Amino acid sequence: MEYTVQKLAKLAGVTGRTLRYYDEIGILKPARISASGYRIYGQAEVDKLQQILFYRELELDLESIQKIINAPSFNEVEALKEHRDKLLTKQKRLAGLIESVDRTLAAKEGSITMSDKEKFEAFKQNRIDENEAKYGKEVRGKYGNETIDKSNAKLKGMSKDQYEQGEKLGEEVLNVLNEAFKTGDPAGELAQKAADLHRQWLGYYWDSYSKEAHAGLAQMYVDDERFTAFYDKKQTGTAEFLRDAIYIYTGMQKQ
């Protein structure tokens, strides 16, 4: 079965403009161009578009998706299994949030009482589940199950104020980091402030701190394209800049 841009767009629920853009950036090229100049897509392109849309549903940016699906090691069956696991986790997170909304409504209507701690439990569990889905395999492999389980337990045990302070500090890290990046100097005052704020932020989630672990996490921000995409959202190269600033801050050597 072959499809024109219009037919494939209708089939997939996207716009023709989206498909033409995917062609332009090279993430999804047509199988061929017809004699009339139309883009023609075959079964391989249909399957590839499905993979792209799965990854988009998981909120990955196009640059990261392109690297994943074009990698020589990419396995479509394994990718589908991974999509399923992550979508189930997402479903679980949404169910938890819906339950929290229902309980909050019931509390507002006076049929139950709800403590401040309970009001934030769903958000904290949502954070844990999201991190597990995105990075669990990698961070557990690097730091071990015990370390990650302790970190998750610490997050779940946070008070409302602690949770809000951690969120606020995380935003401050990004703001200072983006300003520091403009200086181009990872050893500069702003960059080292960002590294110190990052250490303070880790204190909300890590059971214990070490310079080695801090530097190792910074390296992971560069090695793992999902972390890189998060920090490079505004300015490409920010993840590497943060890594360099943290290595200077901790006095560790780059790996």
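Visitor: What should I know about the model before we start?
Guide: It is a predicted model: local features need pLDDT of at least 70, side-chain atom pairs count only at pLDDT 80 or more, and totals for chains, interfaces and linings use all residues. Residues are numbered from 1 along each chain as its sequence is written, and side-chain values use heavy atoms, with hydrogens and water left out.

Visitor: How many helices and strands does the protein have, and what counts as one?
Guide: The protein has twelve helices and three strands. Both are DSSP runs, numbered from the N terminus: helices are H or I with at least four residues, strands are E with at least two. The C-alpha trace spans about 65 × 55 × 30 Å along its principal axes.

Visitor: Why is Lys234 called exposed?
Guide: Exposed means over 50% relative accessible area, buried under 20%, and partly exposed in between, using a 1.4 Å probe and protein chains only. Lys234 has 66% relative accessibility, so it counts as exposed. Lys234 sits in the loop between α11 and α12. Its C-alpha lies 7.9 Å from that of Asn178, and the two are 56 residues apart in sequence.

Visitor: Why is Val101 called partly exposed?
Guide: Its relative accessibility is 48%, so Val101 counts as partly exposed. Val101 belongs to helix α5, residues 76-108. Val77 is 24 residues away along the chain, and the C-alpha atoms of this pair are separated by 36 Å.

Visitor: What label do Leu105 and Asp149 get, and why?
Guide: Leu105 has 46% relative accessibility and therefore counts as partly exposed. It is found in helix α5. Asp149 has a relative accessible area of 41%, so it is partly exposed. Asp149 is in helix α7, residues 145-156.

Visitor: How much of the protein counts as buried?
Guide: Of its 255 residues, 38% count as buried.

Visitor: What makes a set of residues a nonpolar core?
Guide: The members are buried Ala, Val, Leu, Ile, Met, Phe, Trp, Tyr and Cys residues, joined through side-chain atoms within 4.5 Å. The largest one here has 26 residues. Leu177, Tyr221, Tyr231 and Leu242 have the most contacts inside it. Six helices, α6, α8, α9, α10, α11 and α12, each supply at least two residues of this core. Apart from it lies another core, of 20 residues, with Tyr3, Val5, Ile52 and Ile68 among them.

Visitor: What does Tyr221 touch?
Guide: Contact means heavy atoms within 4.5 Å. Not counting residues up to four places away in sequence, Tyr221 touches His198, Trp201, Phe227, Thr228, Tyr231, Ala239 and Leu242.

Visitor: Why are α9 and α12 called roughly perpendicular?
Guide: Two packed helices are described by the angle between their axes and the distance between the axes. The axes of α9 and α12 come within 9 Å and cross at roughly 80 degrees. Angles from 65 to 115 degrees count as roughly perpendicular, under 35 as roughly parallel, over 145 as roughly antiparallel and the rest as oblique. The two helices are therefore roughly perpendicular to each other.

Visitor: Which residues make that contact?
Guide: From α9 they include Ala195 and His198. From α12 they include Leu242 and Ala245.

Visitor: Where does UniProt place a domain?
Guide: The unreviewed UniProt entry puts "domain: HTH merR-type" at residues 1-71. UniProt annotations may be inferred rather than shown by experiment. In the model, residues 1-71 are 58% helix and 10% strand. The end C-alpha atoms of that span lie 26 Å apart.

Conventions
Axes are lines fitted to C-alpha atoms, for helices over the stretch in contact, and angles run from 0 to 180 degrees between N-to-C directions.
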